[in-house]
Amino acid sequence: MTEGVDAMKKFLLGAGLGYILGAKAGRGRYEQLVRTYRRVVDHPMVQGAAGVARAKISEKVRRR
């Protein structure tokens, strides 16, 4: 279960860092970062990996 928590912490850190860097670089850069993030998140390979990760986390949670 700590693997899922660690992954979530990394994700939140990355999202926060992206937000801060985008805000410092201006609105245009921020919007560019958001568009890139959405393209990555919506990519079928990322969706597939996220599904596998969710399944593994659920499996580990059910075992406990």
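Gly18 is partly exposed, because its relative accessible area is 24%, and the cut-offs here are under 20% for buried, over 50% for exposed and partly exposed in between, with a 1.4 Å probe and protein chains only. Before going on, note that this is a predicted model, in which local features need pLDDT of at least 70 and side-chain atom pairs count only at pLDDT 80 or more, while totals for chains, interfaces and linings use all residues. Residues are numbered from 1 along each chain as its sequence is written, and side-chain values use heavy atoms, with hydrogens and water left out.

Gly18 sits in helix α1. Helices here are DSSP runs of H or I with at least four residues, numbered from the N terminus. From Gly18 to Tyr30 there are 12 residues in sequence and 8.1 Å in space, C-alpha to C-alpha.

Both of those residues turn up in the lining of the second largest pocket, together with Lys10, Phe11, Gly14, Ala15, Tyr19, Leu33, Val34 and Tyr37. A pocket, on a 1 Å grid over the protein atoms alone, is an open set of points where a 1.4 Å probe fits, with protein on both sides within 12 Å along at least five of seven lines; lining residues have an atom within 4 Å of a point. Which elements give two or more residues to this lining? They are α1 and α2, and α1 gives the most, with 6 residues. By class, the lining has 7 nonpolar, 2 polar and 1 charged. Nonpolar covers Ala, Val, Leu, Ile, Met, Phe, Trp, Tyr, Cys and Pro; charged covers Asp, Glu, Lys and Arg; the others, Gly among them, are polar. The space in this pocket is about 200 Å³, a volume being the space filled by probe spheres set on the grid points, which are joined across faces, edges and corners.

Now the largest pocket, with a volume of about 420 Å³. The classes here are 10 nonpolar, 2 polar and 2 charged.

Tyr37 belongs to helix α2 and is partly exposed, at 43% relative accessible area. Tyr37 is 20 residues from Leu17 in sequence and 13 Å from Leu17 in space, C-alpha to C-alpha. Thr36 is also found in helix α2 and, at 34%, is partly exposed. Thr36 and Phe11 are separated by 25 residues in sequence and by 15 Å between C-alpha atoms.

How do α2 and α3 pack? What is the angle between α2 and α3? It is about 60°, and the axes are 5 Å apart. Axes are lines fitted to C-alpha atoms, for helices over the stretch in contact, and angles run from 0 to 180 degrees between N-to-C directions. The two helices are therefore oblique to each other, since under 35 degrees counts as roughly parallel, over 145 as roughly antiparallel, 65 to 115 as roughly perpendicular and the rest as oblique. On the α2 side the contact (heavy atoms within 4.5 Å) is made by Val40, Val41 and Asp42, and on the α3 side by Pro44, Val46 and Gln47.

Last, Met45 lies in helix α3 and counts as exposed, at 66% relative accessibility.
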